[in-house]
Amino acid sequence: MRPDRSILVLALPALAFFAVFSYGPMVGAIVAFKDFNVVEGIFGSPWNGLENFRFFFESGNAGRVIRNTLILNALFIGGTITAGMAMAVMINEIRFRLLKRTAQSVIFLPYFISPIVISVMLQAFLSGFGGSGGVVNNMLGGLGISPVSWYTEPGAWPWILTIVKIWQLAGYTSIIYLAAMTAIPPDVYEAAVLDGASRWKIALRVTVPLIMPVTVILLILQVGRIFMGDFGTIYAIIGDNGTLFPTTDVIDTYVFRALRTSGNLGMTAAVGLFQSVVGFILIAATALIARRVSRKSGGF
């Protein structure tokens, strides 16, 4: 069968886009193995082997930022997928079409809010404008609990950032699940009703298992980026508050701060290459595990 040339022509712009903006910049990864200076450029700078990687791993900060990146992303992935699925199941049970569409729109809105705006809103909730009061501390005061200086308590921030990410992304994730639910045949639900299943059991025993392939796809996509910290949101909220670095400083914020203070492009390129290689290994391993589980279960 001869290939349809018109389809190949349609694919050319996308292929050109990826070649120029995705694969072309990979040439710059060689900076990770060079003692880069601007005057001599990428190809003229001398090679220095693995010195840039050694500089990062022997800096004393590598263990902290890698641990924070993994912990925060694991919390983000687990929280957003679980909350997104739960919200989708609940919205799917709404029978009034107008209410259902309104709920979908409302939960989707946080996805479009800027990290800067989120940072201001969070500050108002936690400590108030000017560092006094705040909605949360006022509520704690009403319960007879002493106010908390949130911006000097690093232990609470992994959970605070996780709540922020769930609020920001759970609605977006739920839309993906709702789209998957539209593909479930109606006769499956009809059979469950005829068997006397309640709506709760139908949601738990029919809807959730049938959307599990979507969960696997989301998991694979997000595990591949587990070494990529959410720089925009985390830096907008935490900024240069060194008191919170023990639990919030991720690889991306560390690299940005190192580049801003030292200008060491070789080290930042080395860390970026390390992130990409580990992310590729993780996504390949996750895809392999998902495929084996699928074959054993006879599912997706």
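Guide: This is a predicted model.

Visitor: Which residues does UniProt list under "transmembrane region"?

Guide: The unreviewed UniProt entry lists residues 70-91, 112-136, 156-181, 202-221 and 265-290. Another of these spans, residues 202-221, is 95% helix and 0% strand in the model, with 28 Å between its end C-alpha atoms.

Visitor: How do I describe two packed helices?

Guide: Two packed helices are described by the angle between their axes and by the distance between those axes. Take helix α6 (residues 115-126) and helix α7 (residues 135-142): their axes are 4 Å apart, at an angle of about 20 degrees. Angles under 35 degrees count as roughly parallel, and α6 and α7 are therefore roughly parallel to each other.

Visitor: Which residues make the contact of α6 with α7?

Guide: From α6 come A124, F125 and L126, and from α7 come V135, V136 and N137. By class, five residues of this contact are nonpolar, one is polar and none is charged.

Visitor: At what angle do α6 and α8 cross?

Guide: The axes of α6 and helix α8 (residues 157-181) cross at roughly 125 degrees and come within 12 Å. That makes α6 oblique to α8. The crossing of this pair is right-handed. On the α6 side the contact is made by I118, M121, L122 and L126, and on the α8 side by W157, I160, V164, W167 and Q168. Eight of the contact residues are nonpolar, one is polar and none is charged.

Visitor: Is the crossing of α5 and α8 left-handed or right-handed?

Guide: The crossing of α5 and α8 is left-handed. The axes of helix α5 (residues 97-108) and α8 come within 7 Å, crossing at roughly 140 degrees, and the two helices are therefore oblique to each other. In this contact Q104, I107 and F108 of α5 meet G171, Y172, S174, I175 and L178 of α8. The classes here are five nonpolar, three polar and no charged residues.

Visitor: How many salt bridges does the structure hold?

Guide: The structure holds eight salt bridges. One of them joins the side chains of E51 and R54, at 2.6 Å from N to O.

Visitor: Where do E51 and R54 lie?

Guide: Both E51 and R54 belong to helix α3 (residues 51-57). They are three residues apart, about one turn of the helix.

Terms used
Residues are numbered from 1 along each chain as its sequence is written. This is a predicted model: local features need pLDDT of at least 70, side-chain atom pairs count only at pLDDT 80 or more; totals for chains, interfaces and linings use all residues. Side-chain values use heavy atoms; hydrogens and water are left out. UniProt positions are given in the numbering used here, feature names are shortened, and annotations may be inferred rather than shown by experiment. Axes are lines fitted to C-alpha atoms, for helices over the stretch in contact, and angles run from 0 to 180 degrees between N-to-C directions. Angles under 35 degrees count as roughly parallel, over 145 as roughly antiparallel, 65 to 115 as roughly perpendicular and the rest as oblique. A crossing is left-handed if the near helix is turned anticlockwise from the far one by less than a right angle, and right-handed if clockwise. Contact means heavy atoms within 4.5 Å. Ala, Val, Leu, Ile, Met, Phe, Trp, Tyr, Cys and Pro count as nonpolar, Asp, Glu, Lys and Arg as charged, and the others, Gly among them, as polar. A salt bridge is a side-chain nitrogen of Lys or Arg within 4 Å of a carboxyl oxygen of Asp or Glu.
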